[in-house]
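Student: I've got a model open and I'd like to learn how to read it. Can you walk me through it?

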Amino acid sequence: MEHYKLIGPITQLITMADLPLQGTLVGKEAQTIKQAGILIKGSNIYEVGIYEALLPKGEKLNAENITLDTEYVCLPGFIDAHTHICFAGSRATDYAMRNAGKSYLEIAENGGGIWDTVTNTRKASFEELQYSIIKRANSLVRNGITTIEVKSGYGLSVTEELKMLRAIRNANQITEADLIATCLAAHMLPNDYKGTKASYLHEIATTLFPILQTENLTNRIDAFIEQSAFSATDIQPYFKQAKAMGFDITVHADQFSTSGSEVAITFNAISADHLEASTDYEIERLAASNVIAVALPGASIGLGCNFAPARKILDAGGALAIASDWNPGSAPMGDLLTQACILGTFEKLTNIEVLAGITFRAAAALNLKDRGQLLPGMLADFNLFPTDHYNEICYHQGKILPSQVWKKGELVY
Ligand code: NIG
Ligand code: FE
């Protein structure tokens, strides 16, 4: 018999439903239920509504009553749709060098940057890696993030990429968050690789891709399209192969120079992430496509560069998700809510656009249809914030954290 729970009364519950996936939300109201209740069946939402009206239903279903006696705002569990939290080592020296005038790409060209993290991640044991993912994921859960995308990409050989992806899979069984793994073996050409970019990508596609499927490690393939990594031409056969095998595609696009977003459109990618360098042309092209644009304000803050043109993307009719890009190099802070709110102030996003970017629009960036909104049938992933209005949550830019985090119908924090 399924276990039912009724939680309430909740001062303000924002369902994040009835909002479009694409385009501006300026002037749009969030669907709000005052004095709300959530009726849960097992790990899913059975019904949301006015608490008083749910009470007799709960009684009939023999639901466990979880009564709240203080003010709360309830929002869907947040989704961080782009992270690199499987890594070892620190890049504090890169950060110091950048602030002293060196650029991210210069540091990378001199053997630092991503390669430094690859060296440390390869040295780390499987257990160390697994533990570090769990530790970081658990810290995110405490901030209300119940789904976390995690990329490989610091292994850069078949064996080392497998180590990362298996560590992510094991960590997923232990942390309360859902970890959505992505293969980023195309992060850069490894410095110790003897062949060409083409032969490296061919080796990964022919050797690693089949193992990803037999071991069910991921259904997502990512690539970094940039001068320091792979060009639009380099990546064609790789993405063609990934597509033919049925993988979802996602792209590190337009971070320092354009072309990645066009690759994303060509391959009908689920998302194009970064976009700090996108011009009006790329914005229009993206907005006319089904690709979700993912802004990564943490990388702009970490590198001290401009934000992705989030306002323009929305005004052009694009779908905008916001993610942390937590990684040791460009985005070491790893604080999604703070970064999303800061992006909101600089890009003039409404609070609902900010919250959409880390809930249902972030779910779309991961091709997940069962979360991001508080609707019957969806996962019972939600946060209770100790305040009376969602505006307070954005206004405090990450300072108000949830008092309760619920994941799949269980109180996990
Ligand atoms: O999304 N841009 C490429 N990859 C990461 C950074 C990785 C690193 O510097 O370690 C990013 O910013
Ligand atoms: Fe990234």
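Student: How much of the chain is helix and how much is strand over residues 122-413?

Tutor: Keep in mind that this is a predicted model. Over residues 122-413 you get 43% helix and 16% strand, with the end C-alpha atoms 33 Å apart. An unreviewed UniProt entry places the feature "domain: Amidohydrolase" at those positions, 122-413.

Student: Is strand β7 enclosed or open?

Tutor: Count its buried residues. In β7 (residues 145-151), seven of the seven are buried, so the strand is largely enclosed by the rest of the structure.

Student: Which strands pair with β7, and in what sense?

Tutor: Look for bridges along the strand. β6 (residues 78-80) pairs with β7 in the parallel sense over three bridges, and Phe78 stands opposite Ile145 there. β8 (residues 178-186) also runs parallel to β7, paired over five bridges; Ile148 has Leu179 of β8 as its bridge partner.

Student: How do I read a helix, say α10: which residues are buried?

Tutor: General idea: an α-helix has 3.6 residues a turn, so residues three or four places apart point the same way. In α10 (residues 280-287), the buried residues are Glu282, Ile283, Arg285, Leu286 and Ala287. They pack against α9 (260-266), β11 (271-274), β12 (292-295) and α12 (310-315).

Student: And which residues come nearest to ligand 1?

Tutor: Of the 14 residues around ligand 1, the nearest are Ile114, Ala299, Asn327, Gly329 and Ser330.

Terms used:
Residues are numbered from 1 along each chain as its sequence is written. Chains are lettered from A and ligands numbered from 1 in the order in which they are written. This is a predicted model: local features need pLDDT of at least 70, side-chain atom pairs count only at pLDDT 80 or more; totals for chains, interfaces and linings use all residues. A residue is near a molecule or strand if its C-beta atom, placed from the backbone, lies within 6 Å of it. UniProt positions are given in the numbering used here, feature names are shortened, and annotations may be inferred rather than shown by experiment. Helices (H or I, at least four residues) and strands (E, at least two) are DSSP runs, numbered from the N terminus. A residue is buried if 20 or more other C-beta atoms lie within 10 Å of its own, exposed if 12 or fewer, and partly exposed in between; C-beta atoms are placed from the backbone. Two residues are in contact if their C-beta atoms, placed from the backbone, lie within 7 Å. Two strands pair if DSSP finds at least two bridges between them.
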